[in-house]
Amino acid sequence: MGFRDLKLLEVKNITVTFETDEGIVKAVDDVSFHINRNEIVGLVGESGCGKSVTALSILRLIPLPYGRIETGEILFYGKNLLELNRKEMRKIRGRAISMIFQELGSALSPLHTIGRQMVETILMHKNITRKDAWNIAETWLEKVQISDPRERMFAYPYQLSGGMQQRVMIAMALMLGPDIIIADEPTTALDVTIQAQVFELVREMRRSHTSILLITHDMGVIWEMCDRVLVMYASRVVEEGNRDDIFSKPTHPYTIALLESIPKLSADKGRLKAIPGQVPSALNYPSGCHFFDRCPDAFDRCRDEKPKLIDLGNGHKAACFLTKNEL
Ligand SMILES: Nc1ncnc2c1ncn2[C@@H]1O[C@H](COP(=O)(O)OP(=O)(O)O)[C@@H](O)[C@H]1O
Ligand code: SF4
Ligand SMILES: [Mg+2]
């Protein structure tokens, strides 16, 4: 096994539930995947499919007491993160595994200047002087294209635009040189130019041996950025494979639909071909294949039976009864 192939993170059979007023919902259903060293893995699916909950469970940030990781293991360097105590987990967060949150509010405290927040975070994990920490923070603000970084260090989050807060959060996630960055739709609030710069930074991090879990609803981003892809639909991983396999021989009808929804510069002038219907609420998933009510190829068996992920070779897997080895 080469250095590149080392499984850095292994998520095994994770199931996450939430207690809601209307009943218990399974937001993540028996999800397994791994991230190798030096790899950008994409997690793609429409809104509501369980991508953020999957990401939050890795860092054990599922909101308590309503949310629960019911089963599974999350192995980081072979150690199960679900067995660590709070203090050990705090050491992992930010330093070894950092996260760029989809919700801006989750990352920055409104009470302190961004300079102070960045410096405290650095000092929590690194044994250096406050002055050096300050310089590192300022350099990172510059890297994420924040103008006048020296002055911005004294700003409170509310004094910055959403896009700028997003970039501060990106700087904070990258600045400690983590082993893994979980980036949950990291560039949604950013304009196209800044988005490109952030993606360049992410590629640069990968070159310095950081692995990235990149969450997006956009297959275009997957094509540009990722080595390997996990397609998630309504709480389950439905297809997994190398980027090239996923794009050249997509197998699951949902993956095929997602690929068809990429805007093309053709006669229809970049209009999205939307996937008909909507992701069902987690309270109302069909009892068999979760894609049943939207799938153009659905047949009787799909109604009540859950398709398993079938190995198609070369790390390519799909969970559909039409997959060749299933028939
Ligand atoms: N705190 C919560 N309480 C109840 N349900 C939740 C909570 N967070 C997420 N969910 C549900 O879990 C499912 C997956 O959500 P999420 O992971 O945010 O999807 P995605 O990131 O793919 O858009 C959704 O059905 C959502 O309603
Ligand atoms: S198992 Fe059936 S419903 Fe599900 S994706 Fe395949 S054909 Fe469609
Ligand atoms: Mg999300």
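D30 sits in strand 2 (residues 23–36), where strands (E, at least two residues) and helices (H or I, at least four) are DSSP runs numbered from the N terminus. D30 isn't a glycine, yet its phi is positive, at about 55 degrees. With 18 C-beta neighbours inside 10 Å, D30 counts as partly exposed. For that count, C-beta atoms are placed from the backbone: 20 or more others within 10 Å means buried, 12 or fewer means exposed, and anything in between is partly exposed.

N13 has a positive phi too, of about 50 degrees, again without being a glycine. N13 belongs to strand 1 (residues 7–20) and is exposed, with 12 other C-beta atoms within 10 Å.

## About the model

This is a predicted model, in which local features need pLDDT of at least 70 and side-chain atom pairs count only at pLDDT 80 or more, while totals for chains, interfaces and linings use all residues. Residues are numbered from 1 along each chain as its sequence is written, with chains lettered from A and ligands numbered from 1 in the order in which they are written.

## A cis proline

Most residues other than glycine have a negative phi, and most peptide bonds are trans. Against that background, here's one more spot to look at: a cis peptide bond links L64 to P65, with omega about 0 degrees. P65 lies in the loop between helix 1 (51–58) and strand 4 (67–76).

## Helix 3 against helix 4

The axes of helix 3 (residues 114–125) and helix 4 (residues 130–143) come within 9 Å of each other and cross at roughly 120 degrees. That makes the pair oblique, a label for whatever isn't roughly parallel (under 35 degrees), roughly antiparallel (over 145) or roughly perpendicular (65 to 115). Axes here are lines fitted to C-alpha atoms over the stretch in contact, and angles run from 0 to 180 degrees between N-to-C directions.

On the helix 3 side, the contact is made by G115, M118, V119, I122 and L123; helix 4 brings R130, A133, W134, I136 and A137. Contact means C-beta atoms, placed from the backbone, within 7 Å.

## The core

The largest nonpolar core has 82 residues; such a core is a set of buried Ala, Val, Leu, Ile, Met, Phe, Trp, Tyr and Cys residues joined through C-beta atoms within 7 Å. Its largest share, 8 residues, comes from helix 6 (residues 162–174).

Among the residues with the most contacts inside this core are A171, I182 and L213. Leaving out residues up to four places away in sequence, A171 touches W140, L141, K143 and V144.

Conventions. Contact = placed C-beta atoms within 7 Å.
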